[in-house]
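Reader: I am new to this structure, and I would like to understand the terms used for it as well as the values behind them. Could you take me through it slowly?

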Amino acid sequence: MDAAAFKRWLKTTMGLDAEAVGPGVVERAIAGRMRALGVAEADAYWRRLQAQPLEQQELIEAVVVPETWFFRGVEAFDALARAFASRLSEPGNAPLRLLSLPCSTGEEPYTLAMALLDAGWPPQRLRIDAYDISERALAKARHAVYGANSFRGGDLRYRDRHFRALGHGRWQLSDAVRGCVRLHRANLLAIDFLPDAASFDAVFCRNLLIYFDQDTQVRAVGVLARALAADGLLFVGAAETGLLLSLGYASAQIPMAAAFRNQRSAPVPAPAPQQPWRAPALAPLPAAAARPRPFAAVATALAARPAPASPPAPAQAADDSLPQARRLADNGDFAQAERLCQAHLRAHGPNAEALCLLGVIYGADGADARAEDAFRKALYLQPDHAESLMHLALLLDAKGDAAGARLMRQRAARHRDRNP
């Protein structure tokens, strides 16, 4: 028996697209479990897997490799605190309900608690439910003792406020933070997952969807959407924004936060592979008298990256042509936005940001071939450019090139894992 049956089982059980996690991951997990059990034949291990729920969990644990730390993607947590700040002054004591999944070893849901406690929320008004399929990860989250790998970045002042040093590089999280979070083992794709619909003010589901195939992505996003309150916010990973936009979700227009508004009033459409591709969430070129739609995709999926380390010479004015191009596109003036992108390329030479923005604009106008060419040029210059990878994946899906789209998503996943 080859690995194909195991991969199908993992997809059915937990929605995992085995190709998305990287070549050989599933095979290595199977081999490791067979060694641990002293099983020499794959057929014998398959029979044990089907008969023993405990072994099913062990294989899932072997495939799931958590990679997380506190305040990962700090902009999302800042955005959350700002979005609900007005609730603090409202009469009554209604709790703020948050959902984190997969919560892994606890860093994300505990960060939610720390961010909101630091913003003035009393602990009795925070209700954070955290879910993961891995019992091993949840056990570490319940223990809440963390080492250096969980603390990254330059600003660690939160550690002094919310942790107690145990020595030997280990830190114990405070009871006040732990008390805000309830940990659960669950599978997002299980039929009984989250029976209480429309109850969460915000859902954090970051860097999970990219590991699913297209059908499972649509199904998972539908589950998340039903969990949100009418005015709720859905936070995803930066590489997953293109997916949400392609499914018709509205950007919350919070820079760098990858946040979306609930669109439960309209059904979540499955992508139509045979339809001509269009850049996600962009309106067609508006008529002269028409009011342009917001260019939400650029605001979220193409947020500006940090400026180069070397500042310009004092006498040289900073070039803001790309931010201007994004603003023009946001107002629906795609023609002028394209001209600014082209001028930027002539003045500064090829760069991935300008080419990716061009690709999105071309897609909005139906110029599929030009859009694909722009994305591929961006990736030639910067092979790990996440936005170009995900937009190109969507384009290839629409063309029916599932293998090419999968390759782009794998590249995006590998870059994210190397540079989390």
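Author: What follows is a set of questions about terms, each answered from a value and its definition.

Author: This is a predicted model, in which local features need pLDDT of at least 70 and side-chain atom pairs count only at pLDDT 80 or more, while totals for chains, interfaces and linings use all residues. Residues are numbered from 1 along each chain as its sequence is written, and side-chain values use heavy atoms, with hydrogens and water left out.

Reader: How many helices and strands are there in the chain, and what makes a run count as one?

Author: The chain has 18 helices and ten strands. Both are DSSP runs numbered from the N terminus, a helix being H or I with at least four residues and a strand being E with at least two.

Reader: Why is Tyr-110 called buried?

Author: Buried means under 20% relative accessible area, exposed means over 50%, and partly exposed lies in between, with a 1.4 Å probe and protein chains only. Tyr-110 has 2% relative accessibility, and therefore counts as buried. This residue belongs to helix H6 (residues 107-118). Over the chain of 420 residues, 51% count as buried.

Reader: Which residues is Tyr-110 in contact with, leaving aside its neighbours within four places in sequence?

Author: Contact means heavy atoms within 4.5 Å. By that rule, and with those neighbours left aside, Tyr-110 is in contact with Phe-70, Ala-141, Arg-142, Ala-144, Tyr-146, Leu-173, Val-177, Arg-178, Val-181 and Leu-183. From C-alpha to C-alpha, Tyr-110 and Leu-173 are 8.7 Å apart in space, although 63 residues separate them in sequence. For the chain, among contacts between residues at least 6 apart in sequence, 71% join residues at least 24 apart.

Reader: Is Thr-216 buried or exposed, and how do you know?

Author: Thr-216 has 6% relative accessibility, so this residue counts as buried. Thr-216 lies in helix H10 (residues 214-227), and, with neighbours within four places in sequence left aside, is in contact with Lys-11, Gly-15 and Leu-189.

Reader: What is the strand order in the open sheet of seven strands, and what makes two strands a pair?

Author: The order is E6-E2-E1-E7-E8-E10-E9, with mixed pairing. Two strands pair if DSSP finds at least two bridges between them. Strand E1 (residues 96-100) and strand E2 (residues 126-132) run parallel and are joined by five bridges, with Leu-98 opposite Ile-128 in E2. E1 also pairs with E7 in the parallel sense, over three bridges, and there Leu-98 stands opposite Ala-202. E7 and strand E8 (residues 228-235) are parallel as well, over four bridges, where Phe-200 stands opposite Leu-228.

Reader: Why are strand E6 and strand E9 said to stand at the edges?

Author: Strand E6 (181-185) and strand E9 (250-251) each have a single partner strand, so one side of each is left without a neighbour in the sheet. As for strand E7 (residues 200-204), five of its five residues are buried, and the strand is mostly covered.

Reader: What is the strand order in the open sheet of three strands?

Author: The order is E3-E5-E4, and the pairing is antiparallel. The edge strands are E3 (145-146) and E4 (163-167), each of which pairs on one side only. E3 pairs with strand E5 (residues 170-173) over two bridges, and the bridge partner of Val-145 in E5 is Gln-172.

Reader: Which residues touch the most other members of the largest nonpolar core, and what makes it a core?

Author: A nonpolar core is a set of buried Ala, Val, Leu, Ile, Met, Phe, Trp, Tyr and Cys residues joined through side-chain atoms within 4.5 Å. The largest such core has 54 residues, of which Leu-10, Ile-30, Tyr-45 and Leu-59 touch the most other members. Helix H15 (residues 352-364) gives the most to this core, with nine residues. Apart from this core lies another, of 43 residues, among them Leu-96, Leu-126, Ala-144 and Val-177.
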